[in-house]
Amino acid sequence: MADGLRFSDLRKTFTAESGVVKALDGVSGSIEPGRITGLVGPDAAGKTTLIRVLADLLKAESGNVDRPRGHIGYMPQKFGLYEDLTVSENLALYADLHGLNRNEREQTFKRLHQFTGLAPFGDRLAGKLSGGMKQKLGLACTLVVAPAVLLLDEPSVGVDPVSRRELWSMVRSLQDTGIAVLWSTAYLDEAERCDHVILLHEGHVLFDGAPADLTKKFAGRTWRIPIPADNDAQRKRELQRAGSQLPGVIDAQIQGRALRLVMSPDAPAPQLPNLKAEPATPRLEDAYLAMLDTRPRTPPPVEPIENPTFGHMIETRNLTRRFGEFTAVDHISFNVERGEIFGLLGPNGAGKSTTFKMLCGLLPASSGEARVAGVDLRTERDDARGKLGYMAQKFAYLGHLTVAQNMRFAAGVYGLSTSEAKTRIEAAIADYGLEQFANEPCGLLPLGIKQRMALACAVIHRPAVLFLDEPTSGVDPVTRHEFWARINAMAGAGMTIMVTSHFIDEAEYCDRLAIIYRGRVIGMGSPEEIKAKHDKTGEGLEAAFISLIESYDLEHPQQ
Amino acid sequence: MTRAVDPQRLRGFLRKEWIQIRRDPSSIIVAVILPMIMLFLFGFGVSLDARNQPAAVVIETSAPEAQDFLASLRANKYIIPRLAPDRPTATEWLRSRKVMAIIVLGDDFGERLHRADSAPIQVLVNGTDANTARLVSGYIQGVWATWLVDRENVSPCSAPTPINVQFRVWFNEDLDSRRSIIPGLIAVIMTLIGALLTAMVVAREWERGTMEALLTTPLTRTELLLGKLIPYFCLGMAGMTVTVLFALTVFGLSIKGSILALVLASSLFMLVVLGIGLMASTITRNQFTASIIALTATMLPGMLLSGFIFDIRSMNKVIQTITYIVPARYFVDLLKTLFMAGDIWAAILPNMLALAVVAALFIGITARKTTRNLE
């Protein structure tokens, strides 16, 4: 068996406009052959920098890397594919660059085609492949020469759960041949599947070992309190509030129809009136959360939100959008009630972003109806905009402006008067705990603070409906839990929340979900209902999602 | 250690570049169509000649020579005479830019013509457009001189012929500045085209994340540079060919020099401008910034400092010195020589040498800046 790759005390800093960033601050570890090592951490933890140093694309300022003999395969985040080349042309290019002769080539292509299942798509342009297929092709291009070490930088970003599962089994089979694999991810559920994890946080190694070794330290500290099915969403939020104030609680989160609690060591079992707490298996996320110094903040209560309509807050009837021949959204109908957190879940390219844009009034529908907060989007699009807030993926903000200036800008955009803006901004700065950052340029601030600011900006005008686009993908668990606690508080005050995501973990925070696939709603209901109906194996929402998609594909084969 | 150039790797990389060019026709459009459009627009738009200029003619005399002179004004294609009833009307026309000049034949026209001691005609020219004004006054003088000569031939005892009036006409027989502009224009256009062609190509690899993947393969720096230069060199030369053919057919130019010299000069120049684009692309790693740099670094100096429109010898010393670092200067000179004068090697070789040096400089800098890692 080949040697692994070892590295010790790696340091690397970057000088950005905003100052010096310590991307790696004394990182050590190893990637051993025959196993999958997960490199786990939120965005900006230093994952990509570490991988690039290991691939010899960046030079560390200090520290050592011991590379084994043999080739190091590296798949960058965008897979390194030429989108204007076909599948075969991409493979041929990498074969030429690696100097494969005619014989080796044929064998290699045959092996890779078999391995990836890309054989029927040889003449398709890489740019026309789905996210999952691109990723397989990217992997195939890195495997043209069998590597001793395979470095994968966030291979599962933007890939639907079905393809993600296939990728896992492909990499598993590689691992059996004795390759050392490094798989970086921001998703903790994915990290749990690795044989070994290196948990990175702000350039430091927080943990290095088997996931089970970490979670078992937290045995007895995680609890689950099921909430009876007859309870409505608002009751669930009250329980979450009560739960987070129990003695010894580090974190309290709604997960489907249960409350999940992480307790400090030696804390008594949590108790809520009339409800029974049951011990839960600790997860990597719980452990990660408990290891960080900061705790999620409990948000202050939110004043009740005005109700602009008596009907549904969001209502779509046969909403359709075509782009030329292609129907991106195909007769979608659903209703969202006041104070509900509603999720649009689906793989990339399924049509959720198009639906979302139509509901925000950014894109006109081809046919069908859509009403948001009582306003018909066909006729009064501009009226609707004042009633809704929007937080974009990777939260858009003006990096050179201070936190307060960003808020003033948002207030101006949403048309608040100067005096109104002033009181709202003061209140928001206090509510979101941004006092010490108010006059700092926000480009410099940590991700968690930026996230808080982005949310504060999106709701500065107290909208009736809030749209969130993958709000917490790639953020650390403390930030994520705090964010969802705030969202729950707003929903409790009567704000209607609409979320799009392809990230299963985010779906668990929703009251109700619509699963969008190939432009249609293929499943709808609460996370519990969807799991009960479609998850035969009891593995969770992701399994339910996969089985829904697979059965839809079976019933509606694509031409 | 891998070889600097491995035929299989280079071939594979070239094939990839060629497929990309074929699939995205924008570079073919930039190389072949854009120069033709630019040559067409500039060629017909930028003209240093003033044709069909209206001029008011005030005739206050009854002398028969006045009508005779008017007839020869009419016969001329540069001036369109318009008869004005009196001087105030003509002045009004000049003010409102209906005419570019006023020609006054006073009531003593006949008398002065015979006396020959003072100018028999008075010419007023609108000076707001200095260049056109100078040309118009030149044309009028020309017509006057020709008329005088003709008249002298008819009646040989009259006034002496002014000898210096024919000066301008002598230099540029059909008064067509296009012939001298087009070769320079080709040089300026090809500067822009060449730099634009390569400005995107390296930056695109960075932006799309493919450079990262390339860097983990054995592809060498030399192969990368050759792989980028060879295809765009071919495209650029194709554009050059089309542009020259366009100039020969549409503008009726002819090449006095040899094709070999033209190909040699163009090749050297193409390497210079491709080098500029490649350098911008390699250093900025951003397609937008690189193309802006390529545009400003080539177009502006190409227009102003290459001697294409403005004669370098009439610039001040400092600016003259600066023009030596403008590669288009050498190519403008080369093309003017090859199109209008022929293979004058004494004029051609120093320019070619200068281009070779500049090409080596830009490509050398690009090679130095081409790293094998992401730093």
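Chain B contains 16 helices and four strands. The model is predicted. Of the 375 residues in chain B, 38% are classed as buried. Among contacts in chain B that link residues at least 6 apart in sequence, 80% connect residues at least 24 apart.

**The sheet of chain B**

The four strands of an open sheet in chain B follow the order 2-1-3-4, and the pairing is mixed. Strand 2 (79–84) and strand 4 (121–125) of chain B form the edges, each pairing on one side only. From one strand to the next, the twist averages 25 degrees. Strand 1 (residues 53–59) and strand 3 (residues 101–105) of chain B run parallel and are joined by five bridges. Within this pair, V57(B) has I103(B) of strand 3 as its bridge partner. Helix 4 (residues 87–95) of chain B packs on the sheet and touches strand 1, strand 2, strand 3 and strand 4 of chain B. The direction of helix 4 makes about 165 degrees with that of strand 1 of chain B.

**Contact between the chains**

On the side of chain B, 23 residues are in contact with 22 residues of chain A. Helix 1 (7–23) and helix 10 (210–215) of chain B each supply at least two residues of the side that touches chain A. Helix 1 of chain B gives the largest share of that side, eight residues. By type, the residues of chain B that touch chain A comprise six nonpolar, eight polar and nine charged.

**Nonpolar cores**

In soluble globular proteins, nonpolar side chains tend to be buried together. The largest nonpolar core here has 171 residues, of which L91(A), V372(A), V465(A), I497(A) and I515(A) touch the most other members. Beyond its neighbours within four places in sequence, V465(A) is in contact with residues including M313(A), I314(A), V372(A), L388(A) and M498(A). Another core, of 62 residues, lies apart from this one and has A31(B), M190(B), M279(B) and A290(B) among its members.

**Helix 14 of chain A**

Helix 14 (residues 447–458) of chain A has twelve residues, which at 1.5 Å a residue should span 16 Å; the end C-alpha atoms are 16 Å apart, in agreement with that value. Nine of the twelve residues are buried, so the helix is mostly covered, a residue being buried if 20 or more other C-beta atoms lie within 10 Å of its own. Among the buried residues are K450(A), R452(A), L455(A) and C457(A). The covering elements include strand 19 (388–391), helix 12 (403–413), helix 13 (418–431), strand 20 (465–469) and helix 15 (477–492) of chain A.

**A hairpin and positive phi values in chain A**

Strand 14 (residues 314–323) and strand 15 (residues 326–336) of chain A pair in the antiparallel sense over seven bridges. In this pairing, E315(A) stands opposite N335(A) of strand 15. The two strands form a hairpin with two residues between them.

Most residues other than glycine have a negative phi.

| Residue | Location | Phi |
|---|---|---|
| G324(A) | turn between strand 14 and strand 15 of chain A | about 65 degrees |
| D9(A) | strand 1 (residues 5–16) of chain A | about 50 degrees |
| H331(A) | strand 15 of chain A | about 50 degrees |

D9(A) counts as partly exposed because it has 13 C-beta neighbours inside 10 Å. H331(A) is partly exposed as well, with 15 other C-beta atoms within 10 Å.

Definitions and conventions
Residues numbered from 1 in each chain as written. Chains lettered and ligands numbered in written order. Predicted model: local features only at pLDDT ≥ 70, side-chain atom pairs only at ≥ 80, totals over all residues. Pairing = 2+ DSSP bridges. Axes fitted to C-alpha atoms, helices over the stretch in contact; angles between N-to-C directions. Contact = placed C-beta atoms within 7 Å. Core = buried A, V, L, I, M, F, W, Y, C linked by C-beta atoms within 7 Å. Expected span 1.5 Å × (residues − 1). Nonpolar A, V, L, I, M, F, W, Y, C, P; charged D, E, K, R; others polar.
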